[in-house]
Protein chains: 2
Amino acid sequence: MKSKEEFIEKLRNSSLRPTKQRINICEVLFNRDKTFHFTISDLFNLIKDKTGEKVSLATVYNTVHAFHKKGYLKEIPINSNQTYFDTNVTDHHHFFDVKEEKLIDLKNEDVGPIEIQKSIPGKKIKSVEVLVKLED
Amino acid sequence: MKSKEEFIEKLRNSSLRPTKQRINICEVLFNRDKTFHFTISDLFNLIKDKTGEKVSLATVYNTVHAFHKKGYLKEIPINSNQTYFDTNVTDHHHFFDVKEEKLIDLKNEDVGPIEIQKSIPGKKIKSVEVLVKLED
DNA sequence: TTCGTTGTTTATAATTATTCTAAAGAAGAT
DNA sequence: ATCTTCTTTAGAATAATTATAAACAACGAA
Ligand SMILES: [Mn+2]
Ligand SMILES: [Mn+2]
Ligand SMILES: [Zn+2]
Ligand SMILES: [Zn+2]
């Protein structure tokens with residue numbers, strides 16, 4: 001359970017003004033034990049439910065992008081009509097339950113080291129992500 | 001270089017009527033040496049260029065989905081505003097050049113075997129795909 | 001070959017996620 | 001308090017995709 005002051009501090013340190021909207025979004029995103037996988041619409045609805053205050057959809061988009069740019073959120077590459085984000089910004093992989101449309105974390109040690117044996121001249125590797133699709 | 005008759009045969013065997021639109025799309029998609037990574041809009045433009053005949057955008061969508069459902073095309077999981085498809089339907093992985101927005105095949109042996117050490121009760125693994133993002 | 005059936009194409013409208021715009025409001029600095 | 005800069009917001013715009021429904025083409029049976 002993080003305090004509101006911690007979020008204000010974090011926002012200030014990132015040169016993001018600590019507005020009440022951003023603080024509410026922080027509470028919903030970062031006040032949890034487990035990693036959180038979400039879409040913008042998930043988050044939009046949760047904010048109302050958990051804080052009682054409404055934040056405009058535009059602000060949710062703005063804030064998620066700001067946090068993503070600052071490295072506080074990770075974008076998960078799957079094909080869906082909506083973009084998925086993750087509060088776990090460490091290198092890790094995912095299960096995607098196609099039926100439930102739910103992401104599940106895979107620890108790096110659950111996958112093992114991945115050695116890419118090919119390289120493209122002039123390019124360097126930015127990320128290596130494994131997506132394991134699950135069916136019933 | 002496959003003949004038009006081969007495509008007609010393939011379509012018939014898939015209970016898809018061999019219309020001239022579908023045959024044209026087959027020529028563009030499958031008459032090539034290397035694997036082909038594309039978006040709907042790539043394909044739509046190529047059809048005009050390569051066959052001289054225009055196919056409606058709706059038909060391009062319909063046909064790509066039909067081919068995908070039949071297993072002749074693979075959908076590549078990346079976050080982009082457009083969906084990417086692949087004529088190489090075997091299990092394999094990808095580089096994604098973020099700047100150029102281009103996919104590049106990674107052979108299975110360029111990645112090595114991936115052992116998933118975790119399982120979810122009641123679910124089985126449908127696919128395991130590695131996406132390697134490239135930057136300059 | 002003709003006819004009836006069913007599948008396909010197409011233009012166009014609808015849907016939906018996301019981004020843009022510009023005005024009002026809030027935060028920070030002086 | 002005042003000024004500046006950043007942020008929020010409603011609503012409009014954009015763009016990929018999907019739905020609709022009428023015209024059309026392929027097929028199989030007569
Ligand atoms: Mn995760
Ligand atoms: Mn490929
Ligand atoms: Zn982002
Ligand atoms: Zn598809």
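**Close-up views of a predicted protein–DNA model**

**View 1. Chain A in outline.** Chain A contains 5 helices and 6 strands. The model shown here and in the views that follow is predicted. Taken along the principal axes, the box filled by the C-alpha atoms of chain A has dimensions of roughly 50 × 40 × 25 Å.

**View 2. The interface of chain A and chain B.** The contact between the two chains involves 36 residues of chain A and 36 residues of chain B. About 3400 Å² is buried between chain A and chain B, and carbon and sulfur atoms account for 53% of this area. On the chain A side, A:Asn79, A:Lys123 and A:Glu135 lose the most area to chain B; together these residues make up 18% of what that side buries.

**View 3. Polar contacts and the elements of chain A that touch chain B.** Between chain A and chain B, 19 residue pairs are in polar contact, counting pairs with both residues at pLDDT 80 or more. Two or more residues of the side of chain A that touches chain B come from each of β2 (74–76), β4 (93–97), β5 (102–106), α5 (108–111) and β6 (124–135) of chain A. Of the elements, β6(A) gives the most to this side, with 12 residues. By residue class, the side of chain A that touches chain B comprises 16 nonpolar, 5 polar and 15 charged residues.

**View 4. Strand pairing between β6(A) and β6(B).** Strand β6(A) and strand β6 of chain B, residues 124–135, run antiparallel and are joined by 11 bridges. Within this pairing, A:Val132 has B:Val128 of β6(B) as its bridge partner.

**View 5. A salt bridge between the chains.** Side chains of opposite charge can pair when their charged atoms come close. Over all chains of the structure, the search finds 8 salt bridges, and 4 salt bridges are found across the interface of chain A and chain B. In one of these, B:Lys123 pairs with A:Asp97, with the closest N and O atoms 3.0 Å apart. B:Lys123 is located in the loop between α5 (108–111) and β6 of chain B, whereas A:Asp97 belongs to strand β4 of chain A, so the pair joins two chains.

**View 6. The protein surface near DNA strand C.** DNA strand C is surrounded by 19 residues, the closest being A:Tyr61, A:His65, B:Thr19, B:Gln21 and B:Arg22. At least two residues of this surface are supplied by each of α4 (57–70) of chain A, α2 (20–30) of chain B and α4 (57–70) of chain B. The most comes from α4(B), which gives 3 residues. The surface near DNA strand C is made up of 5 nonpolar, 9 polar and 5 charged residues.

View 7. Sugar or phosphate provides 79% of the atoms of DNA strand C within 4 Å of the protein, and the rest belong to bases. An N or O atom in the side chain of A:Tyr61 lies 2.8 Å from a phosphate oxygen of DNA strand C. The side chain of B:Gln21 places an N or O atom 2.7 Å from a sugar or linking oxygen of DNA strand C.

Conventions:
Residues are numbered from 1 along each chain as its sequence is written. Chains are lettered from A and ligands numbered from 1 in the order in which they are written. This is a predicted model: local features need pLDDT of at least 70, side-chain atom pairs count only at pLDDT 80 or more; totals for chains, interfaces and linings use all residues. Side-chain values use heavy atoms; hydrogens and water are left out. A residue is near a molecule or strand if one of its heavy atoms lies within 4 Å of it. A polar contact is a pair of N or O atoms within 3.5 Å; within protein, one must be able to donate a hydrogen and the other to accept it, and residues adjacent in sequence count only if both atoms are side-chain atoms. Helices (H or I, at least four residues) and strands (E, at least two) are DSSP runs, numbered from the N terminus. Ala, Val, Leu, Ile, Met, Phe, Trp, Tyr, Cys and Pro count as nonpolar, Asp, Glu, Lys and Arg as charged, and the others, Gly among them, as polar. Contact means heavy atoms within 4.5 Å. Buried area is the accessible area (1.4 Å probe) that two parts lose on being put together, summed over both. A salt bridge is a side-chain nitrogen of Lys or Arg within 4 Å of a carboxyl oxygen of Asp or Glu. Two strands pair if DSSP finds at least two bridges between them.
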